[in-house]
Amino acid sequence: MPAFILTAGILIPFGYSVVMSFTDFNLTSGTSNFIGFGNYIKLAKDPEFWNALKVTILFTIGAVAIEVGIGFVSAYLLNLGMRGQKIWRTLFLLPVMLPPAVAAIMWKLMMAPIQGVFNYLLQLVGLPGSQWLGGSSSALFSVILIDAYVFMPFAGMIFLAGVQNLPKEPYEAAAVDGVSSWFTFRRLTIPLLKPVILIVLLFRIMDCLKQFDIVYAATKGGPASATMTISVQAYYHSFRWTNMGYAFAHLVVLWAIVYVLSYFLVGQWRKAVSEVHGY
Amino acid sequence: MAEVRVEHVWKFYQGEKGAAQRVEAVKDATFTCNDKEFLCLLGPSGCGKTSTLRMIAGLEKISQGDIYIGEKRVNDLLPKDRMLAMSFESYALYPPMTIYENIAFPLRARNWSEDRIRERIKEVSELLEIQDILSFRPAKLSGGEQQRVSLARALVREDAQVTLMDEPISHLDAQLKARLRIDLKRVQREWGLTVIYVTHDQLEALSMADKVVVMNLGEIQQVGTPEDLYQKPANLFVAGFIGEPPMNFLPCSLMKDKDHFYLQFSQFRFEVDSDIAQIMSKENNPKNSWTLGVRPADMIVGSSISDGYSLKAHVFSVEHLGESSVVTVDIDGQQILIEVPGLSSEKEGDLTLVSFGKEKAHIFNALTGKVIRK
């Protein structure tokens with residue numbers, strides 16, 4: 001029974017959204033007529049949507065690459081057993097404890113073109129300042145940085161758990177056999193960590209594709225549409241322009257992308273797990 | 001290949017925080033494994049043999065003392081710079097790789113050609129009978145199979161100066177063990193390997209080793225050939241540890257009757273040569289307690305022996321083990337085991353005669369455990 005309630009609780013709103021995406025439901029007029037694939041045909045022809053899709057994908061690629069890359073390196077560093085390891089680990093985790101929207105506002109202040117600390121620091125070393133969130137070419141990169149700041153420790157911590165769980169003996173064998181650490185890393189560590197890497201990718205890719213709060217708090221999708229992700233765009237369609245049916249169509253397409261990608265990643269993850277355990 | 005010299009090596013483990021006592025896992029170990037020699041480190045679990053091996057491998061820091069491989073002091077060298085091969089008791093296989101890739105791993109790291117790798121693996125896997133499991137991953141294999149793979153990965157190396165083996169065949173069934181003992185020894189001779197082999201099984205040590213280092217409680221008890229250990233044990237520990245069934249120990253006191261010395265056990269007297277008695281008198285043994293040791297196989301039942309000793313005793317039990325029998329007799333609550341070939345005709349409860357040659361008796365200082373020998 002609890003499982004039924006839970007399943008129903010998930011499925012009913014989802015089903016409602018899908019149904020709504022086939023209507024011209026409008027909050028202002030209050031009308032709701034079935035229009036078939038009308039919203040989807042409109043989407044396919046809407047340059048704003050294609051821009052949002054591009055922005056979402058670029059955002060995801062950029063943010064996930066930084067988070068996974070730096071997260072992996074930090075996990076390795078944190079595992080070296082330096083002095084004051086506990087303090088490092090706590091400091092490392094701080095950004096995750098911030099609400100992403102708060103982190104975004106904090107970064108927005110630091111990135112302010114005139115009174116922000118970033119441009120001040122750049123100036124100190126003699127580099128030209130940037131428009132950061134305000135520049136049409138730098139805004140996307142800037143929100144990627146904020147997302148990376150907030151979620152890199154999450155990736156790092158999961159990697160750290162993976163690195164700490166690596167068996168010791170195979171590394172002793174490799175050390176005695178005179179196998180170089182790079183060779184061991186490539187041929188042994190990466191395959192052993194593959195399930196963990198895939199889990200992090202799965203979580204972060206899904207999260208980034210759905211990105212809303214950081215972007216909305218930092219740029220509201222601007223300047224122009226430089227940081228307009230699908231979620232933010234859908235938000236505008238629904239609550240600004242009250243075109244709910246069209247907004248739902250955005251979300252259903254986003255859901256389909258997330259579903260296909262996570263289906264693929266979960267499959268890869270299963271394969272990697274069975275390889276590590278050797279079945 | 002190269003010789004390995006272990007000189008006054010100690011291993012301390014610091015106890016937990018607050019515990020003042022440090023644990024001494026290896027105490028002042030000194031021995032040499034000559035080039036192309038098969039050396040066994042033998043002892044009960046926790047005796048420090050694996051710690052010693054791991055220090056040679058470079059996987060544990062040497063707390064004190066020096067280890068040389070060839071002419072080079074290796075204390076500060078990383079494991080990879082010591083040019084060793086090692087097989088691990090815990091197998092230490094690479095879980096994501098097939099068995100073939102596991103064995104090929106050290107060779108790939110050395111950029112061997114695929115043909116050369118295949119040939120070499122074929123040779124080693126046939127020796128260890130693992131040709132049929134090369135395509136599996138380690139988790140699919142039994143403990144015995146994994147152990148053979150670990151051994152294969154050590155043997156596949158051609159450039160190793162020394163091959164270290166930590167209980168490499170302990171998890172195999174009796175038949176395979178017996179075969180591998182012979183094969184390992186043959187391979188070691190034919191390939192001219194220098195092997196340091198850790199085991200708790202005296203049978204493995206005695207059957208394969210050129211030289212055995214017996215350890216107990218972190219200390220080396222005796223270094224010698226298998227024959228030495230069996231025939232001339234240096235102390236009570238070695239005497240009791242080597243040989244199956246173990247040596248009989250009879251508690252005795254040294255007595256003097258006119259000009260003759262003898263050891264008194266129960267109502268029996270064993271004559272002691274005066275020069276031996278002389279050595280014994282210089283020993284630290286205030287309680288005059290000595291132990292007379294005789295191997296079960298060095299005794300006979302039912303008849304006396306010239307230039308030997310005989311004891312009258314009741315038969316306590318008779319075990320028929322096929323090739324031989326073990327007769328246990330009881331003298332004043334002290335049980336003595338005698339190993340006799342074939343089926344013994346003794347019956348439980350019978351009074352019988354137990355005899356052994358004078359030269360078969362070992363005398364030990366019961367206080368220090370040290371053997372008394374001319």
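This is a predicted model: local features need pLDDT of at least 70, side-chain atom pairs count only at pLDDT 80 or more; totals for chains, interfaces and linings use all residues.

Reply: Happy to. Domain bounds here come from an automatic or database domain assignment. On that basis, chain B is divided into domain 1 (4–240) and domain 2 (280–372). The C-alpha centres of these two domains of chain B lie 36 Å apart. Their contact takes six residues from domain 1 of chain B and seven residues from domain 2 of chain B; two residues are in contact if their C-beta atoms, placed from the backbone, lie within 7 Å. On the side of domain 1 of chain B that touches domain 2 of chain B, five residues are nonpolar, one is polar and none is charged. In this scheme Ala, Val, Leu, Ile, Met, Phe, Trp, Tyr, Cys and Pro count as nonpolar, Asp, Glu, Lys and Arg as charged, and the others, Gly among them, as polar.

A word on the ground rules. Residues are numbered from 1 along each chain as its sequence is written, and chains are lettered from A and ligands numbered from 1 in the order in which they are written.

Now to the core. A nonpolar core is a set of buried Ala, Val, Leu, Ile, Met, Phe, Trp, Tyr and Cys residues joined through C-beta atoms within 7 Å. A residue is buried if 20 or more other C-beta atoms lie within 10 Å of its own, exposed if 12 or fewer, and partly exposed in between, with C-beta atoms placed from the backbone. The largest nonpolar core has 162 residues, and C40(B), I196(B) and Y197(B) touch the most other members. Helix α7 (residues 139–164) of chain A gives the most to this core, with 13 residues; helices (H or I, at least four residues) and strands (E, at least two) are DSSP runs, numbered from the N terminus. Domain 1 and domain 2 of chain B both give residues to this core, so it lies between them.

Let's zoom in on C40(B). Leaving aside neighbours within four places in sequence, C40(B) is in contact with Y197(B), T199(B), A205(B), M208(B), A209(B), V212(B) and V213(B).
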